[in-house]
Amino acid sequence: MTGTLNKVMLIGHTGDDVKMHYFEGGGSIGRFPLATNEVYTNRTSGERVNNTEWHNVVVRNKAAEVCEKYLKKGDKVYIEGRIKTRKWTDDKGMERYSTEVQCTEFTFLTPKGESNGSNPSPQNNAGSQGAKPNNTANSNSGYSGDNTNFASQPFNGNDEEEDDLPF
């Protein structure tokens with residue numbers, strides 16, 4: 001294989017509200033922590049183990065503003081993007097590294113009215129009519145304002161009549 005791939009898909013709960021930073025040219029960046037959990041049973045002790053991994057998520061421009069408006073601490077969200085590691089120097093002159101998920105797409109999964117850290121119902125409500133706001137956004141192109149959630153629409157290949165092809 002000659003190519004490479006840098007793609008991340010996460011479903012987790014936000015650890016804080018989106019923190020925004022605005023630039024002079026009109027651009028903006030939103031940052032928030034995302035928690036994902038791994039639950040398993042320890043074979044030797046039979047004890048249930050819950051490990052939480054924290055991810056630093058970065059969203060840009062119009063998509064960041066949409067996240068700031070609708071995402072609250074504790075909300076469940078699907079994030080798609082790529083990993084980026086930044087090198088920086090702290091106040092003491094030490095070189096530091098930060099690994100972030102540069103978000104390119106997201107879908108809100110917490111149903112409307114269940115925001116601010118309350119527990120969402122166990123079923124996946126991404127496609128329910130009560131989901132807040134019913135959209136999938138792409139942070140490269142900005143938020144389109146289209147409230148269509150394609151995950152809630154069944155896919156049958158096409159909307160035309162079936163053909164007689166054997167495959």
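Student: Why does C103 count as buried?
Tutor: Its relative accessibility is 5%, and buried means under 20% relative accessible area, with exposed over 50% and partly exposed in between (1.4 Å probe, protein chains only). The value falls under the 20% limit, so C103 counts as buried. Before we go on: this is a predicted model, where local features need pLDDT of at least 70 and side-chain atom pairs count only at pLDDT 80 or more, while totals for chains, interfaces and linings use all residues. Residues are numbered from 1 along each chain as its sequence is written, and side-chain values use heavy atoms, with hydrogens and water left out.

Student: How many aromatic pairs does a search of the whole structure find?
Tutor: Two. One of them joins Y70 and F108, 6.2 Å centre to centre, with 50 degrees between the planes. Y70 is in helix α1 (residues 61-70) and F108 in strand β6 (residues 95-108), 38 residues apart, so by this link the pair joins distant parts of the chain. Helices here are DSSP runs of H or I with at least four residues, strands are runs of E with at least two, and both are numbered from the N terminus.

Student: What makes the pair of Y70 and F108 tilted?
Tutor: Rings of Phe, Tyr and Trp (its six-membered ring) pair if their centres lie within 6.5 Å; planes under 30 degrees apart count as stacked, over 60 as edge-to-face and the rest as tilted. The 6.2 Å makes Y70 and F108 a pair, and the 50 degrees makes it tilted.

Student: Is Y70 buried, partly exposed or exposed?
Tutor: Partly exposed, because its relative accessible area of 28% lies in the in-between range. F108, at 2% relative accessibility, is buried. F108 also pairs with F106 at 5.2 Å centre to centre and 45 degrees, again tilted. F106 counts as buried, at 0% relative accessibility. Y70, F106 and F108 make up one aromatic cluster.

Student: Which residues does V77 touch, not counting residues up to four places away in sequence?
Tutor: Among them are L10, L34, L71, F106 and F108. Contact means heavy atoms within 4.5 Å. V77 sits in strand β5 and is buried at 0% relative accessibility. V77 and L34 are 43 residues apart in sequence, yet 8.6 Å apart in space, C-alpha to C-alpha.

Student: How do you know that strands β1 and β5 pair?
Tutor: Two strands pair if DSSP finds at least two bridges between them. β1 (residues 8-14) and β5 (residues 76-89) have six bridges, in the antiparallel sense, so they qualify. V8, for one, has G81 as its bridge partner in β5. β1 and β3 (residues 28-41) pair over two bridges, also antiparallel, with H13 opposite A35.

Student: What pattern does the chain follow along the sequence?
Tutor: The order is β-β-β-β-α-β-β-β, from one helix and seven strands.
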